[in-house]
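Colleague: I am new to this structure and would like to learn how to read it. Could we go through it feature by feature?

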Amino acid sequence: MKFVDLPTQQRRIRNSIEERIGRVLDHGQYVMGPEIGELEEQLARYTQTRYAVACSSGTDALLMAMMAYGVGPGDAVFTTPFTFVATAEVVQLLGATPVFVDIDPVTFNMDATRLEEAVRRVAEQGAPPFCKRSETQGRLTPRAVIGVDLFGVPAEYDRIASIAKSYEMVVVEDAAQSFGAEYNGKRACNLAGIGCTSFFPSKPLACYGDGGMCFTQEKGLFDTLCSIRIHGMGAHQYDNVRIGINGRMDTLQAAVLLAKFEIFPDELTKRQEVAGRYDSLLRNIPGLTSPKVPPGIVSAWAQYSLLARDDEDRRRRRDRLQSAGIPTAVYYPKPLHCQSAFHHLGYREGDFPVSEDTASRVFSLPMHPYLSEEQQERIAKAMRV
Ligand SMILES: *Cc1c(COP(=O)(O)O)cnc(C)c1O
């Protein structure tokens, strides 16, 4: 059994993929070929955003978004410690300071009440709560929030936006796991000033390598993102008006994405069915907490993540599944404030108890559109320990 079944998907659309790759080989525009614009147009329409900027990865999409907003030294950027490292990494790369905010125990997304506390504390004292050494790093100004749509469920953007507004902060959506999700009738990637997604092979919409995209409603941000994507170019390629990056998406990856996007809406429906079947199959297993999707939200089901009783219980269940040939994964075993890379921020174990508790109990089951009922029954059976 596969955790993510890419071969079955490929068999379904192999002809279309080969045809589109063939067209790229024919026209030879490997960098910024016509497929890039075609993909941007299709995905902007799908996410109901005005502008889309294809780029080299989800990480670079986040980096470009932070750069477009001019985030830098002295800026506090609020995000959760229970996410993939890239979310906070880009903040640090620009010399700004990631300020962590604990998560909600049900959605695993940023707890807006705690966000408000953390922002107020930084605004008043120039330092985040818990941070033991920040006094020596100079005063911080609240500058941005990166909401993370973990496992496919959008963060609470209504509340995040109102907090951001009262402190004049910008909001970026890390939609790397939520492409296709919905929040109060709006699509993920369209829930903040700039939405950033990833097309890494294991994400809901994925290419055959690295890729990402930024989405925005604002022409000014769009122009800036396009410039940053190509080394800060101005009116022409060798006119450099700002510091940028080499952030382009390969034309070949855009071709693959165009083929995959044809079946994406159908795959999303299938993901809902798979999640629904898991919900009913796992409902009555003692000690397990199934994922809950809040009202008004449609998850993209990037992951189907459960909570075990504790670390030991998780280990036993994962071992059982593994012996039955069923792969599982843990996203994420160690919150970012406990990672050596962020040691300099001065956080300690115990600072974000919900994130730490979740990290010790969470695990994810195989999740993809092609998971059969029989396979899911086998999984549920192996889960009863
Ligand atoms: C995958 C992921 C990223 C980074 O995307 P890449 O395309 O791998 O660079 C960022 N944030 C989250 C939450 C992710 O899951």
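**Reading the model**

Modeller: Start with Val 91, which touches Met 66, Val 77, Ala 96, Thr 97, Pro 98 and Ile 146, not counting residues up to four places away in sequence. Contact means heavy atoms within 4.5 Å. This is a predicted model: local features need pLDDT of at least 70, side-chain atom pairs count only at pLDDT 80 or more, and totals for chains, interfaces and linings use all residues. Residues are numbered from 1 along each chain as its sequence is written, and side-chain values use heavy atoms, with hydrogens and water left out.

Colleague: Where is the place of Val 91? Does it count as buried or exposed?

Modeller: Helices (H or I, at least four residues) and strands (E, at least two) are DSSP runs, numbered from the N terminus. Val 91 belongs to helix H4, residues 86-93. Buried means under 20% relative accessible area, exposed over 50%, and partly exposed in between (1.4 Å probe, protein chains only). With 0% relative accessibility, Val 91 is buried. Its C-alpha is 9.5 Å from that of Phe 78, 13 residues apart in sequence.

Colleague: Which residues of the largest nonpolar core touch the most other members?

Modeller: A nonpolar core is a set of buried Ala, Val, Leu, Ile, Met, Phe, Trp, Tyr and Cys residues joined through side-chain atoms within 4.5 Å. The largest one here has 32 residues, and those touching the most other members are Phe 82, Tyr 278, Leu 282, Tyr 304, Phe 363, Leu 365 and Met 383. At least two core residues come from each of helix H9 (264-282), strand E11 (304-307), helix H11 (353-361), strand E12 (362-365) and helix H12 (373-383).

Colleague: What is Tyr 304 in contact with?

Modeller: Leaving aside neighbours within four places in sequence, the contacts of Tyr 304 include Ala 275, Tyr 278, Leu 282, Pro 291, Phe 363 and Leu 365. Leu 306 also lies in strand E11 and is buried, at 0% relative accessibility. In contrast, Leu 306 and Tyr 30 are 42 Å apart, C-alpha to C-alpha, and 276 residues apart in sequence.

Colleague: Which residues of H11 are buried?

Modeller: As a general idea, an α-helix has 3.6 residues a turn, so residues three or four places apart point the same way. The buried residues of H11 are Val 354, Ser 355, Glu 356, Thr 358, Ala 359 and Arg 361. Their cover includes E11, helix H10 (311-323) and E12.

Colleague: How many disulfides does the structure hold?

Modeller: A disulfide is a covalent bond between the sulfur atoms of two cysteines. The cut-off is a pair of cysteine sulfur atoms within 2.5 Å, and the structure holds 0. The sulfur of Cys 55 has its closest cysteine sulfur in Cys 214, at 4.8 Å, so the pair is too far apart for a bond. Cys 214 is in no disulfide either; the nearest cysteine sulfur, that of Cys 196, is 4.3 Å away.

Colleague: Which peptide bond is cis, and which residue has phi near 55°?

Modeller: Most residues other than glycine have a negative phi, and most peptide bonds are trans. The bond from Tyr 331 to Tyr 332 is cis, with omega near 5°, and Tyr 332 sits in the loop between H10 and H11. Glu 168 has a positive phi, near 55°; it is in the loop between helix H6 (157-166) and strand E5 (170-174) and is exposed, at 72% relative accessibility. Phe 108 has phi near 65° but is buried, with a relative accessible area of 5%.
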